[in-house]
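The stops below are given in the order in which to select them.

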Amino acid sequence: LGEELATTINYMVSHQLQDLTMDETAKSHEPPSKCELLRVPTVNQVIWCQMGPSMRSQEIKMQRILNLLAAGITAFARTMDGGFVTRIHQEALGLLCNTHYEINCLRKRAIKPTINPRYAVHCKPAN
């Protein structure tokens, strides 16, 4: 990487963007309808009502992170749309999508123990 890009990356990973900037950027890169699995699933209302306040707060934060990640994946994928895809593009996309998958699995694992066991069967298995 060039020095300027490395400096930008180091700065960006050590400083949070403003909420308004993140929200506006994420809205401009909403996942396309063809990529329905990139959309962040919401928690079933019955299960949501069973969750305690701290778990709900954590879930809202996880949903926000996933929405931002999905917007980043979408923006990155658009740079590949049109046919020019390198091995590095494919690897980066794979890493980003796997991160999205793993965060979803963490959400499920975190929610399942906090709810009534009769509703836990509605949680799809998480690897």
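Start by selecting helix 4 and helix 5, which pack at an angle of about 165° with their axes 10 Å apart. Axes here are lines fitted to C-alpha atoms, for helices over the stretch in contact, and angles run from 0 to 180 degrees between N-to-C directions. That angle makes helix 4 roughly antiparallel to helix 5; the classes are roughly parallel under 35 degrees, roughly antiparallel over 145, roughly perpendicular from 65 to 115, and oblique for the rest. The crossing of helix 4 and helix 5 is left-handed, a term for a near helix turned anticlockwise from the far one by less than a right angle, with clockwise giving right-handed. By class, the contact of helix 4 with helix 5 has 17 nonpolar, seven polar and two charged residues. Ala, Val, Leu, Ile, Met, Phe, Trp, Tyr, Cys and Pro count as nonpolar, Asp, Glu, Lys and Arg as charged, and the others, Gly among them, as polar.

This is a predicted model, in which local features need pLDDT of at least 70 and side-chain atom pairs count only at pLDDT 80 or more, while totals for chains, interfaces and linings use all residues. Residues are numbered from 1 along each chain as its sequence is written, and side-chain values use heavy atoms, with hydrogens and water left out.

Zoom out to the whole chain. The chain has six helices and zero strands; helices (H or I, at least four residues) and strands (E, at least two) are DSSP runs, numbered from the N terminus. The C-alpha trace spans about 55 × 30 × 25 Å along its principal axes. Of the 127 residues, 24% count as buried, where buried means under 20% relative accessible area, exposed over 50% and partly exposed in between (1.4 Å probe, protein chains only).

Next, select helix 2 (residues 19-27) with helix 4 (residues 53-80): their axes come within 9 Å and cross at roughly 50°. That makes helix 2 oblique to helix 4. The crossing of helix 2 and helix 4 is left-handed. To see the contact, show Asp 19, Met 22, Asp 23 and Ala 26 in helix 2, which meet Arg 64, Leu 68 and Ala 71 in helix 4; contact means heavy atoms within 4.5 Å. By class, this contact has four nonpolar, no polar and three charged residues.

Now select Leu 38, Val 40, Met 62, Leu 66, Leu 69, Ala 70, Ile 73 and Ile 103, the eight residues of the largest nonpolar core. Helix 4 gives the largest share of this core, five residues. A nonpolar core is a set of buried Ala, Val, Leu, Ile, Met, Phe, Trp, Tyr and Cys residues joined through side-chain atoms within 4.5 Å. A second, separate core of seven residues includes Val 43, Ile 47, Trp 48 and Ile 111.

Center on Val 40. Neighbours within four places in sequence aside, Val 40 is in contact with Gln 63, Leu 66, Asn 67 and Arg 107.

Move to Glu 59 in helix 4. Is Glu 59 buried or exposed? Glu 59 is buried, because its relative accessible area is 1%. Beyond its neighbours within four places in sequence, Glu 59 is in contact with Val 43, Trp 48, Met 51, Arg 107 and Ile 111. Glu 59 and Val 43 are 16 residues apart along the chain, and their C-alpha atoms are separated by 8.7 Å.

Finish at Tyr 101 in helix 5 (residues 87-111). Tyr 101 counts as partly exposed, at 39% relative accessibility.
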